Amino acid sequence: MMHNKPFKINHYQIIPAEFSIQENGLEKQSLQPKFIEVLFYLAENHGRVVPRDELINHIWGQDSYVGEKSLTNAIWHLRKKLTSADGEEEIIKTIRKAGYQLMPEPQWQNSPSNISKVSNPKQLESSINYTVDSAIKNSAYQGQGKVNNQPTANTTELSANKSKAININSTHVLVTLILSLLVLLYIQQLPSDNDIKITAITKHPGSELFPSPSPDGRFLVYSQVSANQPTNLFMKDTHQVELPPKQLTFDSAIERHSVWSNDGQYLYFSRKDKANNSCYYIQLKVASQQETQLATCPMQGVYYYLDISPDDQTLAVYNKGGLAKRTGIYFIDLSSKNFAMTRFSCDRDCTYKDRDMSFSPDGKYLAVARRINRLSENIYLINLATKKTEQLTYDEEDIVGMSWFGDSKKLVFAAQRADNRFGFVINIESRVTQALNLPGFSYPSIAKQSQQLYYQERKENSSLVSLQLNDAIASSPFPVLKSNFTYESPDYNPINDLIVFSSNESGFDELWSAKPDGSGRKQLTNLKQTLRYPKWSHDGQNVAFLAPLSEDIGDGIYIYSLKNERVTLLKSPFIQHNRPNWSMDDKQIISAIYGDKHTDLYSINIADSSTKRLTFDGARYGVMITADTLLYTKLQQGLWQKNINELQSGDRVIEGDLFNTLYTWTYEQGHVYYQKTFEDHYQLISYDLKNKVQTPLVRLPLNSITKNDSLTYIATEDRLLYTSSSFPQANINMVASKQLF
């Protein structure tokens, strides 16, 4: 684990606890944590050449397949930050065919050199000690006339007076000292000019999401999500925050992301109506409330990103055309009568998917959030004239919003790491990234004229919850593990009587185990990256899980051995996997494989990496219930079953009107336990496959179960264990951009 001890290299101060570098007299610069870890390890091993493999093993984990590109990228960024002055030696030197060596000797320090309210605490402490010592010394007894070892009367009186003086003087010094300390503490609590003033715009029960300020910053449009209520758009007057917001849409459809035109006349947003199986991008004239349908949007999906060009001529949207294989970014020509739409993103033979986007105010660039897989997404800068593309961020897991400042030189973005959200500002020219100390920061949006920064403050947490079945008296779910951290994807094994799950307690989503009652919690991995969807082998000896491969490559399946506590990478010929499961003999891993031509379930032999395609109808997740029988789900609702030795598609064993989940289900002894979504609530249900009998188990509020997470059954206690999340409270805040720099 990386220490937090700060150190200096030449004229640079490195503070590992803050993942920052500060050049003398300049502001701190934030770096990716992995970059700082590489630098710290080189500093710890100053005086020797550190081999590349050793760096990779230490920083990314001994058994983690990282690849050459990630380390090369880290060294490149460190060299850009640690620029040596003319005449100085190279700071990080490449030793050909050997590794890297830090050339200047690091100067280690005892504590981080943060700016303090007290200019010199040591001088203050010395001054206090000197005052007390001097007072005692000056009040000491100076003359001691003695006759036959007995004090005279005068001497006694003098001694008494001086003792009194000593007490008075000491009391005075003590009172002065206490008052000085109180004043010092008070001064330390006073707000600094550098403190960011945050203005709360919304604080209603529920979630206010996806802020969209008018160009002048006067009005703020947002999506209001409340339990058992339609998701509509509301507009808030930021100059009169005490007034209730004005509702803009009145329907049972879902409206989320929105963007204002630069002239402040129009609002653009998506409207997905599940009841009518329709989705459209809408233009709303704010003054008259007149609506115009611009284009269709895909029914599949949750986030419908969009942005508008500075000249109000082009609306960029997240969409999928009729001939496209995948979703991506499309441009809608707002100047044409029929709102012609063309695809901007790559579609054929692509290894990524474009999602979010933001036009630069000067109209030259489009910043794009590009997802490689569910565990890797970064921001790329595309020159609209030349189509030249440059990568701006590295090693991010999930980009949750971005917006440009007015000078087109700085981009603010939010990233979600291990279920926590962080804000950053990146300078496009220097590539310097500055961290924003704004908790829960996500989906930033800058008012184009006033340059006020609005953002969504949201914190995610989840707990493991148990539901007892077949009690004489109906029971309610109760928490097994609950704290400020996340606990996700539980899976139980009866042989070792353990549940395995992922948690961000260490700062990364690592693998953990515990007893079914939550006791005996133990961290199993320390890979310092995002781990997802653990599954026990049937014999209880191994756990398969999903984690990233090296940067920009994909996600791989890893196997943790309970016996030797080591992690190995499954040698799969594929680079895009889904949630792993096991064959009945524990010799193969079952996983959906994503490709350009199809997505289906495959088996991958652990010993020799041989593969077999099991389904031919777009399956996404499967569980083997016998050596040859597979239960699985696909995008088409329902639960399906097939013999894996046959080529035809499977048979639907639970109809779609009864079964509408992809992942929140489990099989045990002829029964399927699953979560079903209704319009105003969730239900946990048991289904007897042989007798085709459905039994409702419990009715729960919306969002009380983490959708798309796992569900596991503990047969010995006849109870279910699943991931629960309370309805999230998300508010919208505002800060003045000038406070950030």
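Asp555 is buried, at 0% relative accessibility. Buried here means under 20% relative accessible area, exposed means over 50%, and partly exposed lies in between (1.4 Å probe, protein chains only). This is a predicted model: local features need pLDDT of at least 70, side-chain atom pairs count only at pLDDT 80 or more, and totals for chains, interfaces and linings use all residues. Residues are numbered from 1 along each chain as its sequence is written, and side-chain values use heavy atoms, with hydrogens and water left out.

Which residue does Asp555 meet in a salt bridge? The partner is Arg374, at 3.3 Å, N to O. Arg374 sits in the loop between strand E24 (365-373) and strand E25 (376-383), while Asp555 is in strand E41 (residues 555-561), 181 residues apart. Strands (E) are DSSP runs of at least two residues, numbered from the N terminus. Arg374 is partly exposed, at 29%.

A salt bridge puts a side-chain nitrogen of Lys or Arg within 4 Å of a carboxyl oxygen of Asp or Glu. Side chains of opposite charge can pair when their charged atoms come close. The count here is 28 salt bridges.

Another pair is Arg271 and Glu291, at 2.9 Å, N to O. Arg271 lies in strand E16 (residues 266-273) and Glu291 in strand E18 (residues 290-296), so the pair ties together parts 20 residues apart in sequence. Arg271 is buried, at 17%. Glu291 is partly exposed, at 36%.

Now take Arg348 and Asp347. Their closest N and O atoms are 3.5 Å apart. Arg348 is partly exposed, at 47%, whereas Asp347 is buried, at 11%.

Salt bridges also form a network. Its members are Glu397, Asp419, Glu488, Asp509 and Arg532.

How values were computed
Helix = DSSP H or I, 4+ residues; strand = E, 2+ residues; numbered from the N terminus.
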